[in-house]
Structure formats: structure tokens, C-alpha cells
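Visitor: I am new to this structure, and I would like to learn how to read it. Could we go through it together, one feature at a time?

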Amino acid sequence: MRPHLLASSRLAVSTALLVLIASSGACADAPDPASVSRTSAPTSSAPTPSAPTPSADGAPGAADPRAGADQPIAPPPDGREAQAWRAEQPTLPEMLFMAGAAKQTLEALEISGSAVLLDARTGERIVQVDHEAKAPLPTQPWSPGSSIKPLLVANALRLGAIQDDLRVACDGHYEVDGQVMSCFSSHGELDLAGALATSCNEYAYEVARLLGAPALLRSLQGFGFGQDSGSLPAPPGPDDADVWAVTEGVGHGELRVTPAQLATAYADHLAPPGDPAREAVVAGMIAAVEDERGTATAAAVPGLRVAAKTGTTEGSTEGLYDSWLVAMAPAERPDVVLVVFVHDGPVASQIAAPAAGQILAAWSERQAALTDQAATQSL
Ligand SMILES: [Zn+2]
């Protein structure tokens, strides 16, 4: 853990540099309900779970000190590669330029929502752009939906709760403690990267169940959620721990986060390169953008490798959704973490993802122009 990057100090910085922009306009395309994950009601005729039984090697146990009760979270190791990445210069993204690009994008797409930009290396220089179009934008924390999955998968790997070769067969239904949880599709057998690319719920259910409710709650605390703003879920009761875990594991439980908190969690736990768990998860986030099955293909930027994850939850208005896109770019050695949140609009793949792609494209073009300018001046 980088002690100078604790969430509390980070958020103090964010307040000082907050950019707040609001205007009015119209909003929203038609949503795609097929992309939204939901949980079903309990049933007495539940099908058998499709996920394979994990090997004993992949299960957490008392013999693994990393999963001990006194360890709230397993942070990414600050290894040689991470230290070299952090020392690279010049690396700071041009935050005010990006804030301008974010403002233009939110306006052009008639989004009621927010874009948060964060320096990936320091977690500082955080800028938030808010824009209110047709739908009002309440100032409140939100359910993260599937944007929570990469963080939890990384922590499950670091704690030894899963191995990076975990495969899960998704048939659209996942039974836990007599309840059937659903996936929005039948994805078939998926590996870790395929699961993050497609945002498969069944894979995330299995990860959350293997992680277990106590470690999952400690993970959420370790990510900085529930501090200063937002709220952690209440701990589960003795009889509903697994249902609680799989529900929180897909971001459809009681957890509430702000866009700045989500950006900070990614900067702390998924941006530093060189950690095997990070690299496995980021491979899935790259696939979300580059694989034809990916939910974040609209965030692709020519000439810039983007790692991204979508999230979609039900909005305040019938038939509309709240959606997220979290991106790190460049994926291998990120300069910037970008979070786009859209309130009461289409699903993430149709609005948050293209919005993030447009913001990152504007930045990438700017970087290319500056590089060309510097090359010309050096002739
Ligand atoms: Zn699935």
C-alpha cells in the first residue's frame, strides 16, 4: 500500500480541485435490458449450479496467512516495476484539458452524470466534471454494479481465494443457498479474462462465494468505500452469508460509492503494474474493450490501449439505467484513471463506454499533437 495515497487524503485533494460544471439539455437513448444483470426471487425448483467445484488449491484456508482475520485487504505489492512506473517522467495527464474534453462529451451526449479524472500514478490531481441534462442529477453515492468486479477478482486472487485459471460454465442461472441468481446471458465456459470482458455474473458469483462474505466486506473497506461518503453494506446474518456475498459481488447489493471513490480504488489497487493479480485482471479489462464479446468496445481508442469495465444498475426512472465505465489508459502503464457515471440513461455499453472513449480519444490526439510539436522543435 502506498501510505501517502490513502483514500481520506486523496479525497481532501479532490475537494480542492473540484471542477463543477452544470447545464441543461435533453437526454437518453433507448436502453438495452439484455445487458442488465438482475437477481431472481427464491425458487423451490432451482437448477443445479453450473459452476465447477473449485480445487482445494483455490480455496482460502487458515493455512494461508493472507486471508487471516487480521488482514483487512491484500494490497498490490509495490514491486520494482510499479516503482519504475511511478517514477516515469513526464507522466501527468493534462487534467484541465481532459476536464474540458469531458465537459464537451457530457454535453454532446446529453448525459446527466459525472466524469472523474485521476492521475493514475499519484492518485492526486483529481478532477470531477458534473453535467445535468434532461434528468436531474442527485448528489448521492450510487450502486456500483459490475464496475466492482475487477477489484474483487483482483483481491480474490491476492488472498488466494481463487487462482487465475478459474473457469466457470455460465448457463444463465446460479444457485446459492436455495436461491437462483441470474446472469443476463448464457455465456458458456469462461476463463477470467472472458468473464471480465463479457461481465458474466455467474463467474463473479463464484468468485464472491469463494472469497466469502467476511473477506469480501473487508475488501470493500480496504478499497476505501464507506469512508467520508457512500456506504458499506451491513454485514450478513449467519444464514445468508453466501447470498449476501454473491449479491454484493456483482455490485447489486447495499454498497454505495461515489465516482471519485471508484476512481481512487482503481488507482490504488489496479493501476500499479507488475503484480500478477493486476495483470490477470487488466487482461480481462483489455478484452472488454478489444474482444468482440466485450461490453466496453465503444471505449476503444485508435492508437491507445484502454483497459475498461462497464457497470449497469436500474435507474430512478422506469426503463432507464444508471451506468458506469471505469477506464485505465494506457492499459499496461496507466497515466490516467477515468470514471464516467451516467444517471437515468441507456446501459453502460451504449452511453458510458462511448463517452469514455470520446474523452480518451481527445486526450490521445492531444498527446500525439504535443509529441509532434516537440519533435518539430527538436529538429
Ligand atoms: Zn454469464
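This is a predicted model: local features need pLDDT of at least 70, side-chain atom pairs count only at pLDDT 80 or more; totals for chains, interfaces and linings use all residues.

Visitor: Which residue is the bridge partner of S114 in β2?

Guide: Residues are numbered from 1 along each chain as its sequence is written. Strands are DSSP runs of E with at least two residues, helices are runs of H or I with at least four, and both are numbered from the N terminus; two strands pair if DSSP finds at least two bridges between them. Here the partner of S114 in β2 is D130, and five bridges join β1 (residues 113-119) to the antiparallel strand β2 (residues 127-131).

Visitor: How many bridges join β1 to strand β9?

Guide: Seven bridges join β1 to β9 (residues 336-345), and these two strands also run antiparallel, with V116 standing opposite V339.

Visitor: Is β1 mostly covered or uncovered?

Guide: A residue is buried if 20 or more other C-beta atoms, placed from the backbone, lie within 10 Å of its own, exposed if 12 or fewer do, and partly exposed in between. In β1, seven of its seven residues are buried, so the strand counts as mostly covered. G113, A115, L117 and D119 point one way, whereas S114, V116 and L118 point the other way.

Visitor: Why is helix α9 described as largely enclosed?

Guide: Helix α9 (residues 259-269) is largely enclosed by the rest of the structure because 11 of its 11 residues are buried, among them P259, Y266 and H269.
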